[in-house]
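Subject: Structure for you to look at

Hi,

Here is the structure I promised to pass on. Have a look, and then read on for what I found in it.

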Amino acid sequence: MKEGVWGMGIFDGFKRKKMTQDIMSRPEIQEMKRQTAEDNREIEFLQNADRQYETDNDIEKRIAAYESILKKGTRWNSFNFHLSLVSMYVKTERNNEAWGHLNFISMQFPGEYETQKIRHEQFKILKKEKNYLNALRTLSVYHVLYTNTPKGSIFDVEKFIKEGKTTAKGLGLSDDQFRALANRLNYSAHKYPNKEKDVIAIYDSFAKEQGLV
């Protein structure tokens, strides 16, 4: 009796192994494995480019490596690598390319988390170019949308003021005027689930009141 049960167990084991082999040999499974391997190679290629940059400090070589992978699009979540490429463009004074790439990734990653990250990068470019009106608008969007992310939950008035202080001064706003904008954004962020268009409307109304437009 025991021998029969033992023999049946071996047979069941072979049967399960054969079923697994059949499943793994299916074309769609093989294609999935191929794509995963290719994705891993792309990630490793970019990581190697980062390590090489630490050695030779050749940013143009690193940019070229990133572009060869990211410009064609990826199946895996490459969002943070895209932001690194944007930073490299800005570091090498290629602001137009940085802006264009931010527009490109905004279409690839339309989520609210990604949008607020993109707006923050755009703010830094606009500030660098002394386009203070649009820079402060974009910073307003970033800080309000950040409250909707898992790390956010509250609009940090003091952080907003600290980050936007130079930009506000570039617009000729007094400390009291700038704080009034911060308080208005704070009130709206706590009372309503704000979308980007809502923040822009609040900012544009403020800018008009202050004679900035």
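Let's start with two helices, H7 (residues 132-146) and H10 (residues 196-209), whose axes come within 9 Å and cross at roughly 140 degrees. That angle makes H7 oblique to H10, given that angles under 35 degrees count as roughly parallel, over 145 as roughly antiparallel, 65 to 115 as roughly perpendicular and the rest as oblique. The axes are lines fitted to C-alpha atoms, for helices over the stretch in contact, with angles running from 0 to 180 degrees between N-to-C directions. H7 passes H10 in a right-handed crossing (right-handed if the near helix is turned clockwise from the far one by less than a right angle, left-handed if anticlockwise). On the H7 side, the residues that meet H10 are Tyr132, Leu133, Leu136, Arg137, Ser140, Val141, Val144 and Leu145. Their partners in H10 are Glu196, Val199, Ile200, Tyr203, Asp204 and Ala207, where contact means heavy atoms within 4.5 Å. Sorted by class, this contact has 10 nonpolar, 1 polar and 3 charged residues (Ala, Val, Leu, Ile, Met, Phe, Trp, Tyr, Cys and Pro count as nonpolar, Asp, Glu, Lys and Arg as charged, and the others, Gly among them, as polar).

Before I go on, the ground rules: this is a predicted model, in which local features need pLDDT of at least 70 and side-chain atom pairs count only at pLDDT 80 or more, while totals for chains, interfaces and linings use all residues. Residues are numbered from 1 along each chain as its sequence is written, and side-chain values use heavy atoms, with hydrogens and water left out.

H7 also packs against H6. Their axes come within 8 Å and cross at roughly 155 degrees, so H6 and H7 are roughly antiparallel to each other. Here the crossing, H6 over H7, is left-handed. H6 brings Glu112, Thr115, Gln116, Arg119, His120, Gln122, Phe123, Leu126 and Lys127 to the contact. From H7 come Tyr132, Asn134, Ala135, Thr138, Leu139, Val141, Tyr142, Leu145 and Tyr146. The class count for H6 with H7 is 9 nonpolar, 6 polar and 3 charged residues.

Two residues of H6 deserve a look. Phe123 sits in helix H6 and is buried, with a relative accessible area of 2% (buried means under 20% relative accessible area, exposed over 50%, partly exposed in between, with a 1.4 Å probe and protein chains only). Neighbours within four places in sequence aside, Phe123 is in contact with Ala135, Thr138, Leu139, Glu163 and Thr167. Its C-alpha atom is separated by 9.3 Å from that of Ser140, 17 residues apart along the chain. Glu121 is in helix H6 too, and at 13% relative accessibility Glu121 counts as buried. With neighbours up to four places away left out, Glu121 is in contact with Leu83, Val86, Ser87 and Leu102.

On to helix H4, where Leu85 lies. At 0% relative accessibility, Leu85 counts as buried. What does Leu85 touch, not counting residues up to four places away in sequence? Ile63, Tyr66, Glu67, Leu70 and His101. Leu85 and Ala64 are 21 residues apart in sequence and 9.6 Å apart in space, C-alpha to C-alpha.

Now the rings. The structure holds 6 aromatic pairs (rings of Phe, Tyr and Trp, its six-membered ring, pair if their centres lie within 6.5 Å; planes under 30 degrees apart count as stacked, over 60 as edge-to-face and the rest as tilted). One of them, Phe79 with Phe109, is edge-to-face, at 5.3 Å centre to centre and 65 degrees between the planes. This pair links distant parts of the chain, 30 residues apart: Phe79 is in helix H4 (residues 79-91), and Phe109 is in the loop between helix H5 (95-108) and helix H6 (112-128). Phe79 counts as buried at 3% relative accessibility, and Phe109 counts as buried at 14%. The rings of Phe155 and Phe160 have centres 5.6 Å apart and planes at 50 degrees, so that pair is tilted. Both Phe155 and Phe160 are buried. Ring pairs also link Tyr66, Trp76 and Phe81 into a cluster.

Finally, the whole chain: 10 helices and 0 strands (DSSP runs numbered from the N terminus, helices being H or I of at least four residues and strands E of at least two). Of its 213 residues, 38% count as buried.

Cheers
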